[in-house]
Amino acid sequence: VLDSLKEITHLNYDQGDYGLDQFSFGIEKASNNSFMKIKGFKRSYLGNFNQYYNNSFQPLQQSYIVSYDLDKGHNISGLTIGHFNTFSGLPDNDINAIGVYDNKITTLNYSWEKKISDNSIEFVMDQFVQRYRTVHHLSVYEKSRYLNRSQFQFKVMMLKNGRPVSFGIKNNHRNIIFDSKFDNIWYEAYSKICWDPLSIFISTIKNKNTILLNYDFSIFKELQSIKFQLSNRVQAVPVHPFYSFYGYTYGEDLLYNFFTKSTLDGSIVWKRSKTNISFELSIAKDDKDYFEYINQNLNEVENRYLNARLTYDKMFSPKNRILLIYNWNNTNNHYSGGIGQQIDAELNTNFFLFDGFMKVVLNAQLTHYFDRVNYSQINPTEMVPLIYSSNSYVDITPITSVNGGVSAKVSSFTIGLKWMNITEIILSSFGSDNNNYYTLHPEMPMLGRQINLQLSWSFKD
């Protein structure tokens with residue numbers, strides 16, 4: 001019987017501009033050997049004066065997750081079920097055109113682990129079912145499409161001379177239905193060994209008559225106040241279902257079920273009692289033959305991606321903190337989101353009122369995107385690279401957005417206000433002819449401002 005004294009409930013509610021109505025809850029129950037979680041979320045914009053109006057009373061987004069874990073010492077098992085439902089209007093770059101985004105996903109995960117001394121065996125099952133439909137000028141298929149994905153995994157873990165060693169096998173089955181049915185089945189055998197400071201992962205994938213190799217060689221080392229990480233990996237990735245449908249539509253057999261992606265990344269972190277400074281670098285490359293196959297008409301977009309990120313995090317006192325981030329991408333690829341450079345600055349401070357019973361938190365954030373282009377984007381309906389002809393390549397106006405928030409917390413109850421795009425809030429309050437609207441995606445409408453009231457409460461029983 002679950003112990004009610006170990007039951008915790010979380011409630012969060014937001015209400016804001018344009019009729020935003022957002023609610024989430026969580027319930028956690030624990031006993032000596034079991035743990036259960038129930039989580040729910042819903043979001044709506046009330047009325048029909050918004051870009052997401054779906055002509056119904058159904059919330060735009062709903063999510064529900066239930067999980068139950070049982071630990072009997074040498075036997076550990078868990079079951080998680082999730083349902084995610086989105087039924088929303090989908091903004092178009094034509095302000096008078098409202099599309100449809102209708103997406104239902106159900107997931108199931110079951111795991112069982114048996115411990116034998118320092119060794120263990122584990123079985124994992126995953127099931128993913130999706131029905132997806134979009135109506136938009138970027139949609140290539142406006143009827144319902146279906147995806148069914150299942151994975152079964154058996155894994156053995158042991159200690160060999162004090163070092164963790166694991167190996168296992170996986171079976172994957174992906175079924176896609178448009179006007180026709182597309183099946184893909186593959187098997188994977190893998191092993192991993194950790195030998196401080198090294199971690200080595202190797203696997204082989206069999207798909208029809210093709211054998212593919214995955215590997216990940218990583219180093220992690222901590223020397224006093226410095227942490228260092230370096231990883232070199234090659235990953236065989238299933239080709240997106242879009243290309244199966246696209247090839248079928250034009251009477252072509254898809255030449256690839258997988259493509260290979262290689263990545264080299266590293267980071268170094270310097271950490272003191274009140275200061276963290278980190279630098280991260282990532283270099284990625286897609287298989288050249290596959291890249292040229294799906295980008296036959298693109299000459300300026302490359303199959304390489306480079307990202308660098310510098311972070312400075314400083315606590316001036318227990319009540320004051322500053323966070324500075326600089327992020328750089330090369331944009332002649334499909335991964336940058338069209339943002340070449342980004343600067344973030346965030347300030348946080350807090351103080352107490354009423355003899356310490358109320359904690360007040362203030363925060364401000366400035367974000368600046370620049371060196372922007374329109375040709376390194378993802379199609380928001382098909383989730384694949386958005387293809388433009390080279391004569392349509394243009395630079396996009398930089399974005400500067402200032403956000404802020406204030407909250408007051410008494411015991412476990414918090415009330416707060418959040419302001420997004422403060423410059424536009426000020427201009428609109430004065431009735432100015434100027435504005436600070438900005439475009440994040442060239443195929444979507446411009447964004448304005450948002451003010452939210454936020455309530456949060458957690459309690460036992």
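Predicted model: local features only at pLDDT ≥ 70, side-chain atom pairs only at ≥ 80, totals over all residues.
Local features were taken at pLDDT of at least 70 and side-chain atom pairs at pLDDT 80 or more, while totals for chains, interfaces and linings use all residues. Residues are numbered from 1 along each chain as its sequence is written, and side-chain values use heavy atoms, with hydrogens and water left out.

Strands (E, at least two residues) are DSSP runs numbered from the N terminus, and two strands pair if DSSP finds at least two bridges between them. Strand 16 (residues 304-317) and strand 17 (residues 320-329) run antiparallel and are joined by 10 bridges. A hairpin of two residues connects strand 16 to strand 17. Asp313 has Leu323 of strand 17 as its bridge partner. Strand 17 is also joined to strand 18 (residues 339-353), by nine bridges and in antiparallel orientation. Here Tyr326 is partnered by Ile343 of strand 18.

The whole structure contains 13 aromatic pairs, counted where ring centres of Phe, Tyr and Trp (its six-membered ring) lie within 6.5 Å; planes under 30 degrees apart count as stacked, over 60 as edge-to-face and the rest as tilted. Trp457 and Phe459 form a tilted pair, with 4.4 Å between centres and 40° between planes. Trp457 has a relative accessible area of 40% and Phe459 one of 24%. Elsewhere, Tyr256, Phe259, Tyr290 and Tyr293 make up one aromatic cluster.

Key
Buried < 20%, exposed > 50% of the residue type's maximum accessible area, 1.4 Å probe, protein only. Helix = DSSP H or I, 4+ residues; strand = E, 2+ residues; numbered from the N terminus.
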